[in-house]
Structure formats: C-alpha cells, structure tokens
Amino acid sequence: MSVKNAFGSRVVFAALALTILAPCVIAETLYVDSRNGNDANPGMKEKPFRTIGRAAELLKAKAGEGPTTIEVAPGIYNLTESVVFESARRYTAKDRLAIEASIL
C-alpha cells in the first residue's frame with residue numbers, strides 16, 4: 001500500500017470514528033419519568049430515572065465538556081427536599097444545562 005493510500009485510509013477511519021463517538025462524548029441527555037422510571041436505571045430513554053433528584057445526583061458526578069439536557073416526561077414529581085443542580089462540568093452560553101419537558 002502506498003503512503004498516500006495509507007494516509008487516506010487513516011483519515012477516513014478517524015472521520016468515521018469521530019462521527020460515531022462524538023455525540024456520545026459531546027452531548028448528554030438524561031431522561032426522567034415518574035411513572036415508568038427507576039432510580040436504579042442509567043437514565044437513558046429506554047431506562048429513565050424516576051426522580052429529578054436522581055438526575056441531579058448523577059449530574060453532580062459528571063465532568064468534561066459539552067451540553068447536558070435533562071428531559072422530563074409528563075407526570076407528578078413530588079419533591080420532598082430541595083434539588084440542587086451542581087456539576088464539575090463547565091457550562092457556557094453555547095454548551096449549557098437545559099431541563100425540558102419531553103412533550104410540549
């Protein structure tokens with residue numbers, strides 16, 4: 001294989017790897033559903049948390065960069081104590097923490 005073809009193959013491989021991995025590293029969405037969730041779940045769409053407090057706890061342990069969205073499903077969320085959203089991650093005007101309803 002020539003040097004030119006080897007370099008081209010590496011560039012294509014790197015671009016493909018970044019395309020696949022970038023959404024996992026750059027953006028994060030945590031899901032909360034008071035009816036179908038469980039706080040032992042990982043907070044994915046298919047396995048949401050049950051409480052907003054659990055999403056806040058997980059967020060506190062996160063570091064790195066990029067935006068985070070906490071998507072809250074319709075339901076009743078009984079908060080018996082304050083929920084504080086803290087994170088080691090540095091948010092900016094572009095990469096921010098957003099809490100939004102899953103259905104508007």
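Helices (H or I, at least four residues) and strands (E, at least two) are DSSP runs, numbered from the N terminus. This is a predicted model, in which local features need pLDDT of at least 70 and side-chain atom pairs count only at pLDDT 80 or more, while totals for chains, interfaces and linings use all residues. Residues are numbered from 1 along each chain as its sequence is written, and side-chain values use heavy atoms, with hydrogens and water left out.

The structure holds four salt bridges, a salt bridge being a side-chain nitrogen of Lys or Arg within 4 Å of a carboxyl oxygen of Asp or Glu. In helix α2 (residues 52-61), Glu57 and Arg54 are three residues apart and so separated by about one helical turn, and their side chains meet in a salt bridge at 3.4 Å, N to O.

Glu86 and Lys60 also form a salt bridge, at 3.6 Å from N to O; this pair links distant parts of the chain, since Glu86 lies in the loop between β2 and β3 and Lys60 in helix α2, 26 residues apart. Lys60 counts as exposed at 53% relative accessibility, whereas Glu86, at 40%, counts as partly exposed (buried means under 20% relative accessible area, exposed over 50%, partly exposed in between, with a 1.4 Å probe and protein chains only).

Glu28 forms a salt bridge with Arg89, their closest N and O atoms being 3.2 Å apart. Glu28 counts as buried at 14% relative accessibility, and Arg89 counts as buried at 8%. Glu28, Lys62 and Arg89 are linked in a network of salt bridges.
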